[in-house]
Each structure stands twice: as C-alpha cells, then as structure tokens.
Protein chains: 2
Amino acid sequence: MNVFYLPEAEVGSVLLSEEESKHCVRVFRMQTGDNVCVTNGNGLLMDAVLVEANPKHCVLNVTSAKRGADFWPYTLHLGIAPTKNIERIEWFLEKVTEIGIDEISLFSSMHSERKIVRHDRLEKIIVSAVKQSIKSRLPKLNELCSFNELVRRDFNGRKYIAWIDETIKDTLVIDYQAGENVLILIGPEGDFSHEEVDLAEKNGFKPISLGSSRLRTETAGIVACNTIQLLNQLK
Amino acid sequence: MNVFYLPEAEVGSVLLSEEESKHCVRVFRMQTGDNVCVTNGNGLLMDAVLVEANPKHCVLNVTSAKRGADFWPYTLHLGIAPTKNIERIEWFLEKVTEIGIDEISLFSSMHSERKIVRHDRLEKIIVSAVKQSIKSRLPKLNELCSFNELVRRDFNGRKYIAWIDETIKDTLVIDYQAGENVLILIGPEGDFSHEEVDLAEKNGFKPISLGSSRLRTETAGIVACNTIQLLNQLK
C-alpha cells in the first residue's frame, strides 16, 4: 500500500502537494480509483481513493481515519551530535523513525566535526521513513543548537548522557525504568569533553554506558532508542 | 589507537599484510616507534610497536596479548536475505559487528530481490568494523545459500523466524530467555512466503514478531541482534 504524508488531511476531498502528486503519478504510476494510505503525521492514518491522478495536483477522497499504533505512554527524546559523514546521521534518522521516537535534537559540541546540517534534507528523510514504515506520527526534529543550550533546556523526565568512559558503571538498560520520559544525549566521534559531562551533570543528566561495545555515534543512537522501546515492551 | 587485523599474530615480531601496511603508513601516517593495537579475530587483542614503517611490509613487535571483552556465553546467529540495495546489508553488517554477533548467514528466498553478493567485499566491511570497534573476535559470515538449505542445517539452540504477520503474537523480546543459543531468520523486502514459514516451522523454527513497528530488512536484523544482547545484559 502506498502511503502519502499530508499534515492537513481529513475525511473528505484532499489535495496532495506537487511533490507528492508527482511521486504518486510518475513514480508509483497510480491511477484513478487506486487505494492509498495517508498519514497526517499527527496520529491519524487514513484510507483514501485517488480520484484525480494529476502529476501536479492529485485529488484524494479520504474515506476513513483511525488512530495509528505508534503511541506510547512516555516521551523518547534523543540528542545527538551530527557525524562528519552526514550519511551516518541520515541513516540514524531513518532507523529511529522506523523503531519509534518522539523527538530528536541535533547539537554541536566541543569535539564535533560537523557544525552545519541541512535541516530540510534531514526532515525529508524522516518523512520518507514515516511513510515507508506507515507511522501515524512524525518525529519532531529540532534545529541544530549548541550542547550548552540543549543541556539547560527544561525536560520533564530522566536525563542521561551516554559516555564512553571506563569509570561509568551504570548502564541505560539497568538504570531506566519502563514508563519514564527520557532524554538521552549521544556524543560526537571524539566523544564529550570532561567539561561537557560536568555541565550535563550539573543540569541533572546522569552519565551512563550503553554496554561494553564501542559504538559509532549513529549506532549508539539507534541502540539507545531500541533499548528504551524494548524495556517498555518488557514492562 | 589504530587497530590492525592480523589472524596469525602472536607475541614477538609480525608482518602486516600489504594492504594493512599501506593503510598504516599512507593513511594513518604512522612512524617507527608508534604504538598500535592488533586483533587476531580469534579472541586476542595485542599491544604492539611499529618497528618498520614500510608501506608494503610493516613490521610490528607485539609486546603483549590479552583476551578481548567481546565474549558471551551463548551463540548469536542471524540469517538474513540480502537487500536489493546492497548498501543496506553492508550497513547491517557494520552495525551488528559493532553491537556484537557470532555468525551471519546470508540466504536467498522466494521473494528475494537479490540473489548474488560479493562475499569478499562484505567480509572486508566486517573486518573494518571489527577494527573500528576494537573487537577481538571476527564474526563468521557464511556464503549465500538458499533458504531451504539454511532451515535444514543443524543448530543447537532456539530457532526463530521473524515474520510480519498480524496473527503472530509472540515477540522475540518476551519469548527468548537469556543465555540461550539463538538463530533468527530475517526475511527479504517482500517478506517470507507462507510456504517458507511452514517449512521453517517443520524444521523447528518459531515464528515471532519483532514488535509492532514495520521495519526494513536491515533494521529488523539490527533490532534482533540488539534485542538478544540487551536481554542478556538484563539477566
């Protein structure tokens, strides 16, 4: 089933964007009368029928809407430093969207090798993963900010900073309790500096390990996301 | 610390391969007297000193060897159908090597969109991930075989087939018990056929779900690997 993203969709007649229309007609080669699925990115999945297969402005008739299955009673928020090779962060965004996440904050820190990202391109990757994995909710991607700014922001829940340091004995998998809102920070290739870990601790973050394996930044992010979702399935 | 892979390494004087020597001198720009780490891929990590920085045949003096931390008291074996886009399987191999895995079997099945892989190229990706994540053990990558052949092979442990079917209520995270040897099969983009699932069941495989999210093949593989490693950390 082909899935389209349309934030303002509701039951009745709706118009796809030019980009989505082109995709519908030119890529999927869909025709009038074909059934499609629409996600509004805000919790609803809808059944629809293509009533006008125009490559610039497709018209759909949305026949029904239901709440998606991708809801959970906690907030899962990851902060991550973009990698030097942007493809690795793009992969991370695709994977955590598939696995299930609420919010992602990109930050630059002392050892970051990349301080600039193309936000619109990263958002497109998330939208594409939402459609591919038929999610009803679009994860929120926050604009790149500084580490210092991010650690000072309010967050109502457990706050962790994943740190590759042999003195860290607490692991996320043991420390996190199912049901808790959680914000986890994942450092850049060169890891966090001691000063950054100190600042995070002063702002209520607990340093934790993700286990004994040495993981790349994007792998650590995926493992952290999957750990929280798994621990909540075990509850 | 730069890491080199040398299967026959032992304490004393050793020679790097031409490829590793080139990497050592041309890419890392290492010089005589520099400290390096060597993995033999068979459980040992070694400290060594570069005694001859020759781009064709570097000589190392291995001063000590110790057992790596990447041992666990169970076997984790994944069977996976290569994806149409080979980069997705390459990415999977890198990630499961980082997270920790014993053995990977590639198989072609009814709905496989790819029936050929370049085995040597995939092995290189695993070696590279072993070095990058400082593993002492090289995961075993089996040659591509047919699904029918793989499900009939002997395996001493729990056998699962991950299947995207709404009738499957058992999940890997609930069913697997820490400490068990495990073999998990992950299907291609078009999933397994009913006939394949039947054949697997006849050969002792239990159909399970990886949760409510619709995951791509490579994501399912990473999630399955991480699930087993996490459940064993919780033990």
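View 1. The centres of domain 1 and domain 2 of chain A, taken over C-alpha atoms, are separated by 32 Å. Domain 1 covers 3–67 and domain 2 covers 76–234, with bounds that come from an automatic or database domain assignment. Please keep in mind that this is a predicted model, in which local features need pLDDT of at least 70, side-chain atom pairs count only at pLDDT 80 or more, and totals for chains, interfaces and linings use all residues. Residues are numbered from 1 along each chain as its sequence is written, while chains are lettered from A and ligands numbered from 1 in the order in which they are written.

**View 2. Where domain 1 of chain A touches domain 2 of chain A.** The contact takes 11 residues from domain 1 of chain A and eight residues from domain 2 of chain A; two residues are in contact if their C-beta atoms, placed from the backbone, lie within 7 Å. On the domain 1 side, strand 1 (3–5), strand 3 (35–39) and strand 4 (44–52) of chain A are the elements that give two or more residues. Strand 1 of chain A gives the most to that side, with three residues. Helices (H or I, at least four residues) and strands (E, at least two) are DSSP runs, numbered from the N terminus.

**View 3. Chain A meeting chain B.** Here 24 residues of chain A are in contact with 24 residues of chain B. On the chain A side, helix 2 (86–99) and helix 7 (217–234) each supply at least two residues, and helix 7 of chain A gives the most, with eight residues. By class, this side of chain A has 10 nonpolar, 10 polar and four charged residues. For these classes, Ala, Val, Leu, Ile, Met, Phe, Trp, Tyr, Cys and Pro count as nonpolar, Asp, Glu, Lys and Arg as charged, and the others, Gly among them, as polar. The copies meet through the same surface, because 100% of the interface residues of chain A are also interface residues in chain B.

**View 4. How the two chains are related.**

View 5. A residue is buried if 20 or more other C-beta atoms lie within 10 Å of its own, exposed if 12 or fewer, and partly exposed in between, with C-beta atoms placed from the backbone. Arg158(A), Tyr160(A) and Ala162(A) point one way from strand 9, and Lys159(A) and Ile161(A) the other way. Strand 9 of chain A pairs in the parallel sense with strand 10 (residues 182–186) of chain A over five bridges, and Lys159(A) stands opposite Leu183(A) there. Strand 11 (residues 206–208) of chain A also pairs with strand 9 in the parallel sense, over three bridges, and Ile208(A) is the bridge partner of Ala162(A). Pairing requires that DSSP finds at least two bridges between two strands.

**View 6. Around Ala224(A).** Among the residues that Ala224(A) touches are Leu78(A), Ala162(A), Leu172(A) and Ile184(A).

Key
Lists of a residue's contacts leave out its neighbours within four places in sequence.
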